[in-house]
Structure formats: C-alpha cells, structure tokens
Amino acid sequence: MSTPANTAPTKVSSVKAGAEDSIRRGPPVEVVRYGPGKRINHWVTAISLILLLLSGLAMFHPSLFFLTELFGGGQMTRWIHPWIGIVLFFSFFILFAQLWKLNLPNRDDVQWASQIGDVIGGHEEKLPELGKYNAGQKFIFWGMASLIIVLIVTGIMAWEQYFGHLTSIPTQRIALLVHSLAAVAIILVFILHVYAAIWTRGTISAMTRGTVTGGWAWRHHRKWLKDIAGRGRIDPAE
Amino acid sequence: MTNAWTDIKNTDLVVVMGGNAAEAHPCGFKWVTEAKAHRGAKLIVVDPRYTRTASVSDYYAPIRQGTDIAFLNGVMKYCIDNGKVQWEYMKAFTNASFIVKDGFGYKDGLFTGYDEEKRDYDKSTWDYVMGDDGFAVTDPTLEHPRCVWNLLKEHLAPYTPEMVSQICGTPKDKFLKVAEMISECSTPTKTMTSMYALGWTQHSKGSQNIRAMAMLQLILGNIGVRGGGMNALRGHSNIQGLTDLGLMSHLLTGYLTMPTEKDVDFSTYMTTKQFKPLRPGQTSYWQNYKKFMVSFQKAMFGDAATAENDWAFNYISKLDVPAYDVLRMFELMYQGKVNGYICQGFNPLLAFPNRGKNTEALSKLKWLVTMDPLETETSRFWENHGDFNDVDTAAIKTEVFQLPTSCFAEDEGSLTNSGRWLQWHWAAASMPGEAKYDTWIIAQIFVRMRELYAKEGGAFPDPILNLSWDYADPVEPHPEELAKEINGRALTDLMDPTDPTKVLVEAGKQVVNFSQLRDDGTTMSGCWIYSGCWNEQGNNMARRDNHDPDETGAYLNWTFAWPLNRRTLYNRASADINGKPWDPTRKLLEWDGSKWTGYDVPDIAPTAKPQDVGPFIMNQEGVSRLFTRGMMRDGPFPAHMEPFESPVENVFNRKMRGNPVARVFKTDVEQLGTSAEFPYAATSYRLTEHFHYWTKHNRVNSALQPEFFVEISEELAAEKKIEQGGWVRVWSKRGSVKAKAVVTKRIRPLICDGKPVHIVGIPLHWGFTGSAKKGFGPNSLAAFVGDANIETPESKAFLVNIEPSTAPKDKEVSV
Amino acid sequence: MANTMDSPRTAVSNPPVQPMETNLTQKDLIRRSATSELPRPERQLTPVAKLIDVSKCIGCKACQSACVEWNDTNPAVGENVGVYTNPHDLTADMYTLMRFTEWVNPETDNLEWLIRKDGCMHCADPGCLKACPAPGAIVQYSNGIVDFVHENCIGCGYCVKGCPFNIPRISKADHRAYKCTLCSDRVAVGQGPACAKACPTQAIVFGTKEDMKKHADERIADLKSRGYTNAGLYDPPGVGGTHVMYVLHHNDKPHIYSDLPDNPAISAVVETWKGATKYAGLAVMGLAAAGSILHGLFAKANRVSKHEEEEAKELVDESVEHADKRVEDA
C-alpha cells in the first residue's frame with residue numbers, strides 16, 4: 001500500500017490509505033475491496049476447503065482414494081480431515097462475523113435474481129445498480145455458512161476417534177449421509193464461486209491485492225462505488 | 001465319584017444340588033450337555049441361586065442353603081409313599097432288611113444316646129441285632145417293625161412337602177415337581193446321577209447331606225449303574241489325589257487310618273481292623289487291611305520295618321485327638337501353641353473361615369514357610385494393604401520364607417481327577433526364576449534334617465533315620481521313582497499260593513496290583529489303592545488309548561483308574577440278583593454262568609456267584625447301608641439340622657443350634673452371630689471365570705471378572721436402598737468386607753418357617769495380590785466351625801448384615 | 001470327499017493329518033472393500049459357519065479367553081458395574097463377548113438367564129464392507145469369512161456405521177478396526193476357530209454351513225421336545241444369511257438376547273450413502289466442473305470495458321470536487 005509521501009493535508013477525506021471500502025484516485029482508479037485480515041481469512045478458509053475437498057473425496061469414492069497419497073496415506077487422511085475442518089470452521093466464521101450484515105438480502109437481489117439470464121449473458125447494463133454484493137455472491141456466502149455448519153456438526157458426530165460414543169450408530173449413519181450430501185453441495189457452491197470469480201474478469205485481484213479497478217466496481221457494484229465515493233472515502237492520488 | 005465324568009453321558013436325569021457344575025466344572029459339564037443332547041436327559045438344579053447351571057436346566061427349584069437334608073428326605077419320602085422304589089435292587093443290595101437294636105430311636109431332632117456335655121452320642125444302640133451265628137439278623141420280607149426299612153420310613157415321616165417347604169423355602173409345587181422327576185428314575189431302565197461339590201460338603205452336617213442323596217440313589221437303584229452314582233466334583237485337579245494319598249491328618253495312604261493313642265501296639269491297632277463279614281459268604285474286602293498296612297510300613301521304612309518290631313508301627317505318630325484338621329491347627333496356632341507352619345500349595349488366609357482369627361494365628365508363629373507357584377495372600381499376611389489387609393506390619397514377628405515352586409504345567413507326574421483316574425502329564429514349560437519342584441524342596445529339608453538327627457540324636461531319631469529314601473538322587477526324587485514306589489514291588493520272590501514251586505513275582509519286580517500284596521513283609525506299596533498304576537507293563541497312567549467299545553464311556557485303556565482300573569464302583573450292582581443287567585441297553589457287567597464279563601473291571605471277585613456275594617464288597621454287610629450303625633458321629637440316618645448361623649430355628653428342636661455333635665472351639669462360640677443382629681443368610685461360591693485365588697494373577701481371567709462383588713435380590717436391594725453396581729458393606733460377627741453390588745433376579749427371597757429369608761451370595765476369588773482389582777473373600781465373614789465327621793468348614797451358610805457403603809481404601813503409598 | 005479339503009470341518013479335532021489346499025488367498029476373494037473390479041475367483045470354497053447354540057451355552061467365557069489368547073490382545077482389567085458381562089462391551093481388544101440377560105418369561109413366569117456370545121456374524125452381505133472407503137481393508141472370502149486387513153485400514157469407523165450388529169471397534173492405540181476374524185488364520189490351515197475349540201459344552205461348533213444347519217435342526221428338535229416351541233435358527237435373510245448362526249430357544253424374539261436385531265439388514269441410510277449419493281454426487285460434481293470449464297471456453301468472459309473505467313474515474317473526480325467544495329463552503 002502506498003503511504004502518501006507528501007504531507008499536504010487532504011481536504012477530501014480522512015480515510016486511511018488502503019483502508020477497506022476506499023478509493024484510490026490513481027490513475028488508474030482502484031477500489032480497495034478487502035483489507036489484509038479478510039484476505040488472509042479467505043485464503044485460510046479456501047485452502048482448508050480445498051484440502052477438505054481432496055481428503056473428503058478420497059474417502060467418498062473409491063476411484064478417488066488415490067488422493068490419500070497427498071496426505072501421506074489413508075490413516076493420515078482420516079486423521080487430518082476433521083482437524084482441517086476445525087480450522088476451516090473457525091477461519092470461516094471470523095469472516096462470517098465481518099460480512100454477514102452486508103450479505104443480508106434486499107430488493108435489488110430479487111431483481112438481480114429475476115434477471116439471471118442477463119447476468120449469465122453479461123448484459124450487466126440491464127441490471128440494477130448493486131451494492132458490495134450481488135445476490136449470487138450472497139447465495140454463495142449463505143450457502144457456505146449453512147453448509148459449513150451442517151458439515152461441522154455431522155462431521156463431529158462421525159469423528160470416530162473422539163466422538164464415536166457421543167451419538168448412536170443410527171444417528172451417525174444419518175450424519176454421514178448428510179455430511180456426504182452437504183459435501184457435494186458445498187463443492188458445487190465452491191465450483192460456482194471459483195468459476196464466477198474467474199469468469200468475471202478482474203475479480204481475483206480483490207482477494208490477492210485487495211483491490212479492484214474502478215471500472216470493475218462501476219460495472220458490477222456501482223451502488224457500492226457511488227456510496228464510498230459519495231462518502232468521500234477517497235485516497236489522494238500519488 | 002463312584003462313576004466317571006465320561007459316564008455322565010449315559011444318564012437320564014442329572015441332579016445338580018450342592019454344586020454348580022456348569023460354573024465350577026465347565027469342562028466336566030460337557031458330559032451333561034452330551035446326555036441332554038444325545039439321550040434327551042433332563043437337568044434339575046436345586047440351589048439358593050439361579051446359577052449358570054440353572055441357566056441350561058430343564059427345571060430349577062430354589063432352596064435355602066443348609067437345608068438339603070430336609071429336601072432329600074422329603075424326596076425319599078415321596079418316592080417311598082408313591083411306590084417309586086427300585087424294589088428288587090433295594091431289597092437285594094441294601095441293608096433294608098437288617099434288624100436294628102431296640103434302644104435306637106429319634107426324638108426332638110436327636111438320636112438316642114445324646115450327651116449335651118460331651119456334645120457327642122453314645123452310639124451303642126445304633127447297631128444291628130446280632131444272631132447266635134455271629135451274623136446280623138435280617139428280615140427279607142421287610143415286615144419286622146425294627147428292620148432298617150421300616151425305621152427309615154418312620155424317620156422320614158415328618159418330611160412332608162409342607163414341612164420341606166417350611167424348612168427349605170422351596171415352593172411346594174416346585175418341590176413336588178422335582179420329587180416327581182426324580183421318582184421316575186426308580187425304574188430299572190432310568191437312571192439319575194447326582195453331581196455335587198462343596199455346596200454339600202461345606203456344612204456342619206456336610207457328610208449327612210451326601211448320605212441323604214446316596215440313600216435316595218440306593219432306593220432308586222442308581223448306584224453301580226451306567227449314568228448313575230454319587231459324583232463328587234472335586235474342586236482341584238488333584239484334590240482326589242490328596243485324600244487318596246492320605247494328606248488328611250487322620251489318614252494314612254489309601255484310606256488306611258492313622259493310629260490313635262489307644263493303639264499301643266500293632267496288634268491292638270489291628271483289633272479294630274478285622275472287618276469280619278456281617279452276613280454269610282460276604283467279601284468284606286477290608287479283611288485284607290493288614291496286607292496293605294504292612295506293605296505301607298515297608299514302603300515307609302524298608303528293612304527297618306520287621307515282624308519283630310511290629311513293622312515299625314511305633315515310628316508313625318499316634319493321634320491324641322480325632323484329627324489335626326486345619327481348623328484345629330489354626331485354633332492351636334491362635335492359642336500360641338504352634339511354632340512353625342509349612343504351607344504347601346495352600347492359601348489358608350483366604351481359604352479358611354474367620355480370616356481375622358487366621359491372621360492373628362499366623363502372627364503368633366515363629367516362622368511360616370509357603371510353597372506356591374504364585375504369590376499367595378498367606379505368604380503376604382503381614383503386609384498392609386489398607387482396608388484389604390489392615391494389619392500392623394511392625395507388630396508381626398513371624399519370619400516368613402516364601403519358596404516359589406513349579407506349577408502343574410511345569411512338572412511331570414500324575415493328577416487324580418474326580419473320576420479316580422490317575423492321569424500322567426509331562427512338563428509343558430520350564431520353571432521361571434528361582435522356582436523349584438515341591439519334591440526338591442521337601443527332599444532338601446528332609447536330607448538336612450536327617451543329617452542333623454544323625455549328628456545330634458534327639459529324643460526319637462529312628463523314624464527319620466530309618467525312613468526309606470531310596471532315590472537315585474536323594475535331594476531330587478524323580479516322579480517316576482515315586483510312582484513306582486506307590487505301586488509297590490516284591491521284596492523277595494513271591495511264590496504262587498496255589499503252586500508253591502512257581503514264582504509269581506520275582507524279587508524287585510513291580511507287583512501287578514494290590515492283589516499281590518502280602519502281610520508278611522515280602523511286599524511294599526506306598527498306597528495300595530493306587531497299586532497297578534505302574535507295574536511291569538509300564539506306566540499305566542500314561543496310557544492314551546481312547547477307544548471305547550460300544551461307546552459305554554468306560555475308556556478302559558485311557559490312563560489308570562483306582563482301584564484296579566475300575567471305572568464304576570459297585571458295578572456288580574448294575575445287574576440283578578441273577579447277574580442280568582437291569583437295563584440291557586446299558587449293560588456294564590453280566591454273569592455268564594461262570595464269571596463276570598462286560599465293559600468294566602468287575603467290582604467283585606470275577607467268579608463270585610451273583611446270588612451268594614453282595615455287590616458292596618468293601619462293606620462287612622456285602623450290601624449298602626441305608627442305616628450306618630455307629631459309623632457317623634451325627635446319626636445313622638440323615639436328620640435335618642440348621643447351620644450354626646441360621647436365619648430360622650430348627651423346627652424339630654427350636655433350642656438346638658447347628659449340628660449337636662459338631663466340634664466348636666470356645667472362642668468361636670462367642671463369635672457366632674444371631675439372626676436378630678445378622679438377618680441375612682449368606683453363602684459362598686466360585687465363579688467360572690476364576691479358579692480359587694489363582695487366576696486373579698492372570699490378566700485374561702482378571703479382565704473377564706475383574707472385581708469382588710456380592711449378589712442380592714432386587715427385593716433386598718430395594719429394602720436397603722442398594723444400587724446396581726454400587727458399593728456395599730457386608731459384615732458378620734467376625735469381620736467386614738466391602739464389595740460391589742450385583743442386584744439380580746437370580747436370587748429371590750424365600751419364605752422359611754413363616755418369614756422371608758434374604759440370601760446374600762458371596763463369590764470367593766479376590767484378595768490383595770494379583771492383577772485383578774483388590775478385594776475380599778467370604779472367609780472374612782464365615783464361621784469357624786466344621787462338619788461333625790470330617791471338619792470341612794461351614795462356609796456355605798452363615799449370617800451377615802448389609803448396607804450401602806463407599807469404596808474401600810487401599811494403602812496410601814508414601815512417596 | 002476328495003483326499004484334500006478346502007476348509008476344516010470341525011473345531012474340536014486336532015490339526016488335520018491330511019493335506020489342505022492352499023486356502024484363503026487373494027484368489028479366493030469374492031468382495032473387496034472400495035474395489036469395483038475384482039477378478040472372479042477361480043474356485044468356490046465350501047462355505048463354513050460357526051453355530052452358537054445359546055441353549056447349550058453356560059456363559060463360562062472360555063471363548064472370550066481363547067479369543068484373547070489366540071489373537072494376543074490385551075483387554076484391560078475393568079471394574080464391576082453390577083453385571084456379569086465383562087468387559088462391558090466389545091472392544092478392539094475383545095472381539096467376542098458373553099452378554100447376559102435376566103429375562104422373565106411372561107408365559108411361564110420363570111426366570112431365564114439368556115447368555116449370548118456376541119461378535120461378528122460374517123454376513124453374506126456385509127454392511128461393514130459396503131461402508132468401507134479403504135480399498136482392501138475389508139475382504140470377503142468365498143467360504144463366507146469377512147475379514148479385516150489391518151494394513152489397509154484407515155480407521156475412519158465407517159464399518160462401525162455400516163454394521164447392522166454393532167460389532168467393529170476402532171483401536172485407540174493404532175486406529176484400526178478390529179473384530180472377530182472367524183479365526184481366518186486358523187481356518188486357512190485347517191483349524192476351527194479358537195472359541196469353538198475352547199468351548200467346553202460344544203455350544204460353539206464349526207463346520208460347513210450346510211452341516212451346521214443340519215446340526216441346528218437336531219438341536220431345534222431337542223429344544224422343541226423340551227417345550228421351546230419357538231426354538232429356531234438365527235440366520236437372518238436381511239443380510240443374505242450369516243456365517244455365524246445362533247440356535248435360539250425363542251427365535252420369535254431375538255431382541256430378548258441382549259438386543260440381537262430381529263430383522264437385521266444394512267441400514268437404508270447406509271445404502272443411500274454408499275449407493276445413490278456416492279454415484280450421483282460424483283456425477284453432479286463432475287458435471288458442474290465440466291459445465292464451468294465449457295462455459296469458460298465457449299462463453300464470452302465478463303470483462304470490464306475502457307468506458308466503464310472512465311465512468312469510474314469521472315465519478316471519483318466529481319466526488320473529489322464535490323468534497324473540496326463542501327470543505328470550502330464550510
């Protein structure tokens with residue numbers, strides 16, 4: 001992040017350089033979408049999810065059992081999977097605590113969802129102006145949150161080593177079935193999330209450098225951009 | 001056992017009473033399952049608890065411990081009243097027809113001649129009327145009012161089903177069902193076997209419990225037949241061998257008796273060993289007593305035993321009291337009259353009643369030697385284990401020598417099983433650490449003592465110096481040498497009595513069996529009944545041929561059974577008076593017109609004519625005894641007696657306590673509790689997961705039954721607010737233990753003499769050594785009193801109290 | 001019978017003096033966990049079975065003891081909790097367990113002490129094997145033995161959930177699943193299972209499944225003659241039959257024997273989990289991934305245009321001006 005070298009006091013804003021939801025005048029214009037804390041959180045969660053996905057799939061279908069080699073064999077895979085789950089759970093829910101308010105649904109989401117064809121077709125000009133998150137992102141957020149809850153609860157019930165005696169075997173059977181279904185669901189959500197990030201060019205930098213271009217914000221989240229610009233959260237140009 | 005384990009498969013009805021065969025003898029019990037599976041046999045269990053044997057029974061009836069005589073007398077009465085008697089057998093093979101002296105009678109729970117002061121009977125009237133011909137008078141028509149049969153009927157008259165139920169607490173319908181099932185075995189083609197163990201012996205009238213069943217078996221015609229008999233299930237693999245080899249203080253080997261102070265010389269001793277037949281033509285085999293006794297003395301003292309010195313009769317000690325049984329020894333120890341004690345393969349601290357007294361007694365010794373493969377509580381009696389052995393170690397001066405020995409799998413020798421089979425075994429493993437063979441230890445002690453006596457003399461060194469010790473290595477006699485010595489051999493050439501020119505046995509050769517033993521000092525034999533075990537044919541105990549012609553269960557070529565490889569005692573009784581088998585499908589012996597033939601070694605002279613010679617050849621009568629004359633201290637018929645500690649009074653004599661002639665030491669009388677203070681009837685027993693106090697040293701057995709517990713009914717638990725698996729304290733007048741509570745439907749309160757009696761079951765496998773959880777044994781609580789005839793302690797019936805409690809405390813280990 | 005046998009016919013005899021065919025090899029597997037393509041075995045071994053006659057069992061626990069000795073396990077010395085069942089449950093060190101139930105027969109009002117030897121039933125359709133995710137950790141031989149191959153076990157405990165009888169236990173020491181092997185290592189060399197050999201009353205017998213069924217018929221006839229009209233053989237069809245069977249005096253209500261399932265079958269939940277879910281789940285995930293890739297390849301990416309960047313710049317500049325003005329006004 002750049003720190004203003006010139007000490008001339010800005011009249012625009014008292015926003016701290018590089019702060020989340022702030023604009024760097026540029027050029028080019030950049031908008032800070034995520035601070036470093038959230039990004040670290042995101043990547044811990046993401047890596048955990050990927051590891052869980054790989055280790056879980058290894059135990060889910062025999063054709064994928066070879067994936068256990070990534071973890072040092074079946075025993076290690078069985079051992080590490082629930083611990084990664086614990087890491088993911090805590091990491092994700094720090095994120096959750098920070099983002100849940102912004103992900104509450106509103107009227108625009110209904111409109112956005114009803115025009116899903118335009119979304120997929122890339123006709124964003126036909127959509128209403130949106131805040132920081134669109135309905136798709138909110139769906140991923142809430143999907144992840146609820147599935148992680150389901151997975152951690154059922155996962156603990158099936159965690160033989162420590163909780164094998166906590167619940168009855170018929171309950172554990174249901175837990176394992178639900179865990180599998182939830183895992184499939186979360187993988188679908190995960191695919192959607194990753195693909196959307198790739199397909200919507202210019203998105204990934206939000207989670208790498210923390211910034212998006214002004215145009216990206218204008219195109220996808222204009223209400224958000226207008227809001228922070230309107231509030232003067234603008235960083236003077238270098 | 002009169003029969004063998006393998007013979008049980010031939011039975012139609014198994015009665016387990018006074019034992020718990022499935023639980024305490026699971027391997028032998030297989031023959032019960034065989035009989036059930038392949039003969040359709042039924043199994044009856046009569047026990048205070050619904051045991052593991054009961055779990056596979058066809059009928060179970062509860063009974064209050066210590067009331068078996070009343071029950072069995074009731075069954076006998078039922079059989080006689082309903083004509084369910086094997087009449088021919090009873091008339092021909094029992095003393096039912098013998099006329100009894102006029103003075104004999106029974107009143108108020110006592111037989112004629114009772115002396116309360118001496119706690120003994122004058123038994124002079126307990127005998128037969130003798131005829132002028134020197135034989136007992138009989139009335140084969142059984143009409144004489146004084147014949148044994150009529151006296152027996154009179155004696156049994158009070159034992160109605162109602163009376164049985166009142167005494168035993170057995171519901172009347174259950175008693176009648178059992179009586180009916182048993183009575184069906186009175187036909188010649190149906191047999192019943194009795195399997196019993198310490199549930200009958202560990203009572204102050206234990207011998208009479210067994211007599212009652214033996215009499216029932218006789219009137220049903222079930223002795224000497226396949227699938228019948230009186231089958232004592234011995235509690236150790238070699239406890240039969242213990243009694244056979246005379247390890248009881250009043251016995252020599254082979255049931256020869258120890259002389260008493262009255263036997264001033266050999267001829268006086270022999271006056272009581274004449275065994276003249278009481279009926280014409282009878283065998284009365286004990287007439288050969290002198291042959292066995294002289295041969296025994298020759299085995300003991302060799303050339304030092306001569307005709308001139310009465311066969312060294314004075315080398316053997318003479319009893320000044322009836323017996324130095326364990327109870328008496330511990331009483332003497334308790335009185336400070338014993339200096340040293342050698343405790344070989346024995347754990348009296350947990351095995352004998354009133355542990356508190358035993359601990360005090362052992363503390364008064366100068367020295368104690370223990371010989372055991374395992375660490376016993378006795379060898380550690382001085383060690384403090386908190387509540388589990390609360391002793392003041394510093395105050396105990398006894399010097400303890402703990403000598404580790406081999407265990408049965410580490411040495412060679414023979415074990416005598418319940419069926420009297422001498423089974424040779426070989427070492428399967430070598431001994432650990434410093435362990436030594438018992439024979440090595442004893443030989444070392446003996447040889448050193450002999451040296452001391454040789455050097456220093458002493459009051460009477462002769463028996464020690466002259467003891468025959470003719471072994472290749474005097475400090476380590478080999479089992480083979482000992483076995484051969486037990487069998488016996490000719491000391492000079494033995495000539496054939498029918499042809500004096502013919503040598504029957506050359507000098508130095510083994511005798512074929514005891515029939516070759518002589519009373520003139522020309523033979524020796526360490527234990528006459530075992531003779532034949534290792535003769536010139538070799539080691540017969542090592543035989544392992546399991547062929548069994550016609551599958552009779554005899555297995556004559558498997559090891560060696562005493563006497564003479566005979567598998568069923570009194571087997572001549574399996575055939576009728578003319579020698580025809582009662583049940584042709586279960587033939588054992590048959591008279592072919594000139595001799596006895598069949599599947600077993602005849603228990604009679606092979607050419608003894610069936611009509612002339614009775615089957616009970618060891619008895620002077622030639623027949624079995626429904627009336628035992630003066631041979632038992634507490635009566636010629638079994639009569640109901642309560643245990644010394646009983647929850648109810650004796651209905652025949654409410655003032656009488658226990659067995660009126662059982663010996664009780666003064667201090668122990670004071671330690672008897674009453675039902676007012678100790679309302680619950682306790683009993684002790686074994687569990688199948690363990691063997692005595694041994695297997696708690698084994699982790700597997702310990703895992704299968706880890707912790708001391710007591711068993712009580714749901715009713716008593718509710719009354720006392722005792723929880724399943726909770727801690728309880730159980731205490732008697734003599735001690736207190738803490739245990740886990742097993743609350744069970746398998747024990748129910750019984751209504752006896754009009755009031756409910758609660759039973760507390762106390763298994764006996766825990767102590768303070770080994771790998772199982774520390775615990776107690778029932779002997780902390782049981783009373784120090786024994787059977788009137790044989791002094792087996794009354795560990796199966798005593799009184800306790802019980803309450804919820806907390807865990808016992810082990811000794812705190814200071815760091 | 002041929003002069004060689006493929007499996008032992010009894011547990012009571014001493015080791016066979018006749019040669020045995022090589023037994024229980026990889027070639028004799030008919031099922032292997034998490035393995036779809038298993039070559040068809042070239043031969044069919046004679047199906048074997050252990051028959052436990054509950055009516056002959058005296059609850060002596062010799063079977064438990066023999067099992068511990070043969071398998072060289074080390075069960076802990078526990079405590080008494082008021083029952084005879086010790087240890088209190090099957091463990092990774094105790095593959096078989098005598099379970100004791102005090103049951104009052106409502107018809108006779110008599111107490112019956114029901115003692116059942118619990119342990120692996122060796123189902124023809126084994127739920128453990130179905131649930132197991134580790135290839136080759138659970139195998140089934142053509143003679144019916146279901147065996148755990150510990151080096152392949154990952155310790156997940158799915159077998160515990162798959163089993164309709166609640167048998168496998170996961171070791172806390174090495175995190176592998178353990179249960180009765182029907183002494184496959186003994187059977188392979190012509191010996192019967194250790195428990196059957198140790199059983200003093202032959203309540204446990206072992207042989208071909210056919211022989212065991214015949215033996216059971218004799219036992220059931222005997223029990224019926226003694227008044228147990230519902231005596232019968234427990235060989236539950238819901239799991240395709242088992243290679244450990246019981247003779248029960250009350251075969252109409254197996255549950256009285258310490259909760260022996262009346263009609264055991266692999267749970268529908270497990271069937272769904274290991275059936276539809278496994279395949280459908282994989283398919284859906286594959287489709288989603290493939291769909292995304294295809295969309296990515298063939299659909300136009302959602303790009304930000306130059307125009308939009310300028311719009312943003314304008315907006316920002318305007319906002320700054322506005323702000324400056326507001327500051328000046330102030």
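Two residues are in contact if their C-beta atoms, placed from the backbone, lie within 7 Å. Helices (H or I, at least four residues) and strands (E, at least two) are DSSP runs, numbered from the N terminus. The model is predicted, so local features need pLDDT of at least 70 and side-chain atom pairs pLDDT 80 or more, while totals for chains, interfaces and linings use all residues. Residues are numbered from 1 along each chain as its sequence is written, with chains lettered from A and ligands numbered from 1 in the order in which they are written.

Helix α7 of chain B covers residues 161-168, and B:Val164, B:Ser165, B:Ile167 and B:Cys168 in it are buried (20 or more other C-beta atoms within 10 Å of the residue's own). The cover over the buried residues of α7(B) includes α4 (68-81), α8 (172-183) and β28 (750-752) of chain B. Just after α7(B), B:Gly169 has a positive phi of about 80°.

Chain B also touches chain C: 36 residues of chain B are in contact with 33 of chain C. On the chain B side, α2 (30-39), α3 (52-55), α21 (699-704) and β27 (736-744) each supply at least two residues.

In chain A, helices α1 (residues 36-60) and α2 (residues 74-99) pack at an angle of about 150°, with their axes 8 Å apart; axes are lines fitted to C-alpha atoms over the stretch in contact, and angles run from 0 to 180 degrees between N-to-C directions. Therefore α1(A) is roughly antiparallel to α2(A) (an angle over 145 degrees).

Key: A residue is buried if 20 or more other C-beta atoms lie within 10 Å of its own, exposed if 12 or fewer, and partly exposed in between; C-beta atoms are placed from the backbone. Angles under 35 degrees count as roughly parallel, over 145 as roughly antiparallel, 65 to 115 as roughly perpendicular and the rest as oblique.
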